[in-house]
Amino acid sequence: MTLHGLPTGSARPPVSGRSLVAGVVGAPVRQSLSPVIHNGWLAACGIDGVYTPFGLHPDRFEAFVEGLRGGGVSGLNVTLPFKARALAVADTADAAATAAGAANLLLFRPDGSIEARNTDGLGLLAAFHSQAPDVDIQDAAIVILGAGGAARGALGALLSAGARRIAILNRTQASAHTLATLFGPRVEALPLDQAATAFADARILINASAAGLEGQDAPVLPLDRLPADAAVMDMVYQPLQTPLLRHAERLGLRTVDGLAMLIGQARPSFEAFFGRPAPDGDEARALALAQLTPP
Ligand code: NDP
């Protein structure tokens, strides 16, 4: 490793007046792995660009974004707590952002307009593709834990990929009902005490809640009721091996981790910012893992 965590032998030119600029905005942003992922890809591709963290006071989001219209920043990834406000501030939005009610990607166009996209759903599908490729979402019965922005983004992507039925279980049941009403007949809200029933024929279980995040309680769930060929995914990636994934592994179930989703959502962002696809391979994961588990 060298300066800024870039791989040695990096072909990236030094940052110059011509460098393309993108970044990630959040409050806080310190914990974000996006800078290490994107700067790693910039180095690997030899692109004259830089990807910067922008930590903001929560009140300053709109003023910050408005100030970038038509300027020199090609785009921003958006993380908590700004994703819904990112959609609101944009002039246009893609179908995924509209369905999710939130954007994780803003692009600043030369005409001064702002375009919102949501690549979290693509990231979720990419994570299954890379870590559980034989699990077919088409026609699957799926259980989602959580009813926040991440669950909403996942619902749109899973329904588009052909999921047969999706049950939402959430600590606050009213939010699960709101999502079920919004997304239509293939989606139902169930109380948490019906988890065992929902699990019985589920092909996929996804934790899209913050439960299991460092400092939060881990969910206690009857994973033994899942079919033996089910896959369990956790969007939480801090820690990477969440209590839910450890429990699933002990039962011999396949697992998909949140870092695979994070890298999956970063790929289309990188291409939108820098005009070239992110390189294939595991370098970004290795860089992110090194940041997650410092020596
Ligand atoms: P939101 O704040 O919008 O929603 C949080 C959800 O988690 C709500 O459903 C909330 O339930 C539930 N929740 C929070 N704490 C607990 C707890 N202790 N026990 C049970 N449920 C709880 O957040 P997001 O939807 O944006 O994000 C959810 C998680 O997904 C976060 O951990 C985030 O980091 C992760 N994420 C990961 C991504 C990736 O690329 N890997 C991408 C996007 C998100 P209630 O309604 O009752 O408050």
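How many aromatic pairs does a search of the whole structure find? In this predicted model, the search finds six aromatic pairs. Two of them are set out below.

| Pair | Centre to centre | Angle between planes | Class |
|---|---|---|---|
| Phe54 and Phe64 | 5.2 Å | 55° | tilted |
| Phe270 and Phe274 | 5.1 Å | 55° | tilted |

The planes of Phe54 and Phe64 stand at 55°, so this pair is tilted. The pair links distant parts of the chain, with Phe54 in strand S2 (residues 49–55) and Phe64 in helix H2 (residues 61–66), ten residues apart. Phe54 has a relative accessibility of 21% and therefore counts as partly exposed. Phe64 is also partly exposed, its relative accessible area being 22%.

The pair of Phe270 and Phe274 is likewise tilted. Both residues belong to helix H10 (residues 258–274), and because they are four residues apart, about one helical turn separates them. Phe270 and Phe274 are both buried. They also belong to one aromatic cluster, which is formed by Trp41, Tyr51, Phe270, Phe273 and Phe274.

Helix H10 also packs against another helix. The axes of H5 (residues 120–131) and H10 come within 7 Å and cross at roughly 125°, which means that H5 is oblique to H10. The crossing of these two helices is right-handed. On the H5 side, the contact is made by Asp120, Leu122, Gly123, Leu124, Ala126, Ala127, Ser130 and Gln131. H10 contributes Ala260, Met261, Gly264, Gln265 and Pro268. By type, the residues of the contact of H5 with H10 comprise seven nonpolar, five polar and one charged.

Conventions: Residues numbered from 1 in each chain as written. Predicted model: local features only at pLDDT ≥ 70, side-chain atom pairs only at ≥ 80, totals over all residues. Heavy atoms only, no water. Phe/Tyr/Trp six-rings, centres within 6.5 Å; stacked < 30°, edge-to-face > 60°. Buried < 20%, exposed > 50% of the residue type's maximum accessible area, 1.4 Å probe, protein only. Axes fitted to C-alpha atoms, helices over the stretch in contact; angles between N-to-C directions. Parallel < 35°, antiparallel > 145°, perpendicular 65-115°, else oblique. Left-handed = near helix turned anticlockwise from the far one by under 90°. Contact = heavy atoms within 4.5 Å. Nonpolar A, V, L, I, M, F, W, Y, C, P; charged D, E, K, R; others polar.
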